[in-house]
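Subject: Structure handover

Hello,

Please find the structure below, with its sequence. My notes follow it.

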Amino acid sequence: MLKPLRQGLPPLDPAAVSDAASCALPARYEAVREARRFTRDTLGRWDVGDRFDDVCLVVSELVTNALRHAVPADPCPADGLPSVRLHLMRWSERLVCAVRDPSHETPVPGDSDDFAAESGRGLFLVDSFADSWGWHPLAGTLQGKVVWALFRMHPAG
(Lines give C-alpha, C1' and ligand atoms only; values in the text may rest on other atoms or scores of the structure.)
Protein backbone atom coordinates (compact mmCIF):
# COMPACT_ATOMS: atom_id res chain seq x y z
CA MET A 1 0.00 0.00 0.00
CA LEU A 2 2.40 2.69 1.19
CA LYS A 3 5.85 2.80 -0.29
CA PRO A 4 8.05 5.83 -0.84
CA LEU A 5 8.31 7.00 -4.40
CA ARG A 6 11.85 7.67 -5.51
CA GLN A 7 10.88 10.07 -8.19
CA GLY A 8 10.66 13.73 -8.89
CA LEU A 9 7.49 15.70 -8.86
CA PRO A 10 4.89 15.01 -11.52
CA PRO A 11 5.34 17.30 -14.51
CA LEU A 12 4.51 20.86 -13.52
CA ASP A 13 5.25 23.91 -15.63
CA PRO A 14 7.65 26.10 -13.61
CA ALA A 15 6.54 29.13 -15.62
CA ALA A 16 2.98 28.61 -14.39
CA VAL A 17 3.86 28.90 -10.67
CA SER A 18 1.55 31.54 -9.28
CA ASP A 19 3.13 31.74 -5.81
CA ALA A 20 6.19 30.36 -4.05
CA ALA A 21 7.67 30.77 -0.59
CA SER A 22 10.39 29.07 1.40
CA CYS A 23 12.03 29.27 4.78
CA ALA A 24 15.14 27.89 6.43
CA LEU A 25 14.52 25.89 9.58
CA PRO A 26 16.98 25.38 12.42
CA ALA A 27 17.97 21.84 13.42
CA ARG A 28 15.83 21.76 16.57
CA TYR A 29 12.32 20.49 17.24
CA GLU A 30 10.96 24.01 17.78
CA ALA A 31 11.38 24.33 14.01
CA VAL A 32 8.18 22.28 13.56
CA ARG A 33 6.21 25.07 15.22
CA GLU A 34 8.02 27.64 13.04
CA ALA A 35 7.19 25.60 9.93
CA ARG A 36 3.50 25.42 10.91
CA ARG A 37 3.39 29.18 11.53
CA PHE A 38 5.12 29.90 8.21
CA THR A 39 2.73 27.55 6.41
CA ARG A 40 -0.40 29.03 8.07
CA ASP A 41 0.70 32.59 7.20
CA THR A 42 1.60 31.69 3.63
CA LEU A 43 -1.55 29.65 2.94
CA GLY A 44 -3.66 32.40 4.51
CA ARG A 45 -2.30 34.85 1.94
CA TRP A 46 -2.87 32.34 -0.85
CA ASP A 47 -6.46 31.49 0.17
CA VAL A 48 -6.21 27.73 -0.38
CA GLY A 49 -9.64 27.00 1.03
CA ASP A 50 -10.52 23.50 2.17
CA ARG A 51 -6.96 22.07 1.86
CA PHE A 52 -5.56 24.39 4.55
CA ASP A 53 -5.61 21.88 7.44
CA ASP A 54 -4.37 19.00 5.27
CA VAL A 55 -1.34 20.98 4.07
CA CYS A 56 -0.48 22.20 7.59
CA LEU A 57 -0.61 18.65 8.96
CA VAL A 58 1.57 17.27 6.17
CA VAL A 59 4.14 20.05 6.58
CA SER A 60 4.35 19.24 10.30
CA GLU A 61 4.95 15.57 9.54
CA LEU A 62 7.54 16.18 6.82
CA VAL A 63 9.53 18.63 8.95
CA THR A 64 9.32 16.37 12.02
CA ASN A 65 10.61 13.42 9.95
CA ALA A 66 13.47 15.51 8.54
CA LEU A 67 14.52 16.61 12.02
CA ARG A 68 14.12 13.18 13.59
CA HIS A 69 15.63 11.00 10.87
CA ALA A 70 17.72 13.13 8.52
CA VAL A 71 19.55 15.75 10.57
CA PRO A 72 22.74 14.63 12.31
CA ALA A 73 22.83 14.86 16.10
CA ASP A 74 25.49 17.57 15.82
CA PRO A 75 24.47 19.54 12.71
CA CYS A 76 27.24 21.72 11.39
CA PRO A 77 26.77 22.29 7.68
CA ALA A 78 30.17 23.13 6.24
CA ASP A 79 28.64 24.98 3.32
CA GLY A 80 26.64 27.34 5.54
CA LEU A 81 23.30 26.11 4.20
CA PRO A 82 20.50 25.38 6.68
CA SER A 83 19.97 21.74 7.61
CA VAL A 84 16.28 21.76 6.66
CA ARG A 85 14.38 24.02 4.27
CA LEU A 86 10.63 24.18 3.62
CA HIS A 87 9.36 25.16 0.18
CA LEU A 88 5.72 25.89 -0.71
CA MET A 89 4.73 26.32 -4.37
CA ARG A 90 1.28 26.95 -5.76
CA TRP A 91 -0.07 26.55 -9.24
CA SER A 92 -3.67 27.36 -10.12
CA GLU A 93 -4.90 23.87 -9.24
CA ARG A 94 -1.96 22.32 -7.35
CA LEU A 95 0.11 23.04 -4.30
CA VAL A 96 3.41 21.37 -3.43
CA CYS A 97 5.14 21.38 -0.09
CA ALA A 98 8.71 20.13 -0.18
CA VAL A 99 11.18 19.65 2.66
CA ARG A 100 14.89 19.54 1.86
CA ASP A 101 17.19 17.75 4.31
CA PRO A 102 20.87 16.69 4.33
CA SER A 103 20.30 12.90 4.37
CA HIS A 104 20.56 10.57 1.40
CA GLU A 105 18.48 7.90 3.15
CA THR A 106 15.18 6.78 1.65
CA PRO A 107 12.11 7.84 3.68
CA VAL A 108 10.64 4.64 5.10
CA PRO A 109 7.20 4.31 6.72
CA GLY A 110 7.20 2.95 10.28
CA ASP A 111 6.27 -0.69 10.87
CA SER A 112 4.05 0.01 13.85
CA ASP A 113 0.57 -1.49 13.85
CA ASP A 114 0.00 0.19 17.21
CA PHE A 115 -2.37 3.03 16.42
CA ALA A 116 -1.88 4.43 19.93
CA ALA A 117 1.89 4.83 19.37
CA GLU A 118 3.17 8.40 19.54
CA SER A 119 5.52 8.03 16.58
CA GLY A 120 6.00 5.96 13.44
CA ARG A 121 2.91 7.07 11.53
CA GLY A 122 4.14 10.31 9.89
CA LEU A 123 4.40 9.01 6.35
CA PHE A 124 1.06 7.21 6.68
CA LEU A 125 -0.49 10.59 7.53
CA VAL A 126 1.28 12.21 4.57
CA ASP A 127 -0.02 9.44 2.31
CA SER A 128 -3.55 9.83 3.72
CA PHE A 129 -3.85 13.61 3.46
CA ALA A 130 -1.80 14.47 0.34
CA ASP A 131 -2.89 13.51 -3.18
CA SER A 132 0.59 12.13 -3.87
CA TRP A 133 4.03 12.26 -2.33
CA GLY A 134 7.55 11.14 -3.06
CA TRP A 135 11.18 12.04 -2.76
CA HIS A 136 14.22 12.58 -4.90
CA PRO A 137 17.93 12.96 -4.21
CA LEU A 138 19.55 16.34 -4.77
CA ALA A 139 22.25 16.75 -7.38
CA GLY A 140 25.09 19.13 -7.99
CA THR A 141 26.34 21.21 -5.09
CA LEU A 142 23.30 20.50 -2.91
CA GLN A 143 23.54 17.42 -0.73
CA GLY A 144 20.65 15.34 0.60
CA LYS A 145 17.12 14.87 -0.65
CA VAL A 146 13.73 16.52 -1.00
CA VAL A 147 10.56 14.87 0.29
CA TRP A 148 7.48 16.40 -1.31
CA ALA A 149 3.70 16.21 -1.09
CA LEU A 150 1.29 17.37 -3.78
CA PHE A 151 -2.24 18.64 -3.18
CA ARG A 152 -4.86 19.20 -5.84
CA MET A 153 -6.61 22.50 -5.24
CA HIS A 154 -10.31 22.88 -5.86
CA PRO A 155 -11.17 25.94 -7.93
CA ALA A 156 -12.96 28.64 -5.97
CA GLY A 157 -16.71 28.78 -6.48
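First, the conventions. The model is predicted, so to speak of local features pLDDT has to be at least 70, and side-chain atom pairs count only at pLDDT 80 or more, while totals for chains, interfaces and linings use all residues. Residues are numbered from 1 along each chain as its sequence is written, and side-chain values use heavy atoms, with hydrogens and water left out.

Overall layout

The protein has 3 helices and 5 strands; these are DSSP runs, helices being H or I with at least four residues and strands E with at least two, numbered from the N terminus. Along the sequence the pattern reads β-α-α-β-β-α-β-β. Of the 157 residues, 41% are buried, where buried means under 20% relative accessible area, exposed over 50%, and partly exposed in between (1.4 Å probe, protein chains only). Among contacts (heavy atoms within 4.5 Å) with a separation of 6 or more, 68% are between residues 24 or more positions apart.

Helix α1

Helix α1 covers residues 30-46, which is 17 residues.

T39 lies in α1 and counts as buried because its relative accessibility is 0%. Leaving out residues up to four places away in sequence, T39 touches V55, C56, V59, L86 and L88. The side chain of T39 also reaches the backbone oxygen of A35 at 2.7 Å, a polar contact (a pair of N or O atoms within 3.5 Å; within protein, one must be able to donate a hydrogen and the other to accept it, and residues adjacent in sequence count only if both atoms are side-chain atoms).

D47 sits in the loop between α1 and α2. D47 is exposed, with a relative accessible area of 66%, and its positive phi occurs in a residue other than glycine.

The sheet

The 5 strands form an open sheet in the order β1-β2-β3-β5-β4, with antiparallel pairing; two strands pair if DSSP finds at least two bridges between them. β1 and β4 (132-137) are at the edges with a single partner strand each, so one side of each is left without a neighbour in the sheet. The twist averages 15° from one strand to the next; axes are lines fitted to C-alpha atoms, for helices over the stretch in contact, and angles run from 0 to 180 degrees between N-to-C directions. β3 pairs with β5 (residues 145-152) in the antiparallel sense over 8 bridges, and C97 stands opposite A149 in β5. α2 packs on the sheet and touches β1, β2, β3 and β5, its direction making about 15° with that of β3.

Regards

Notes
Expected span 1.5 Å × (residues − 1).
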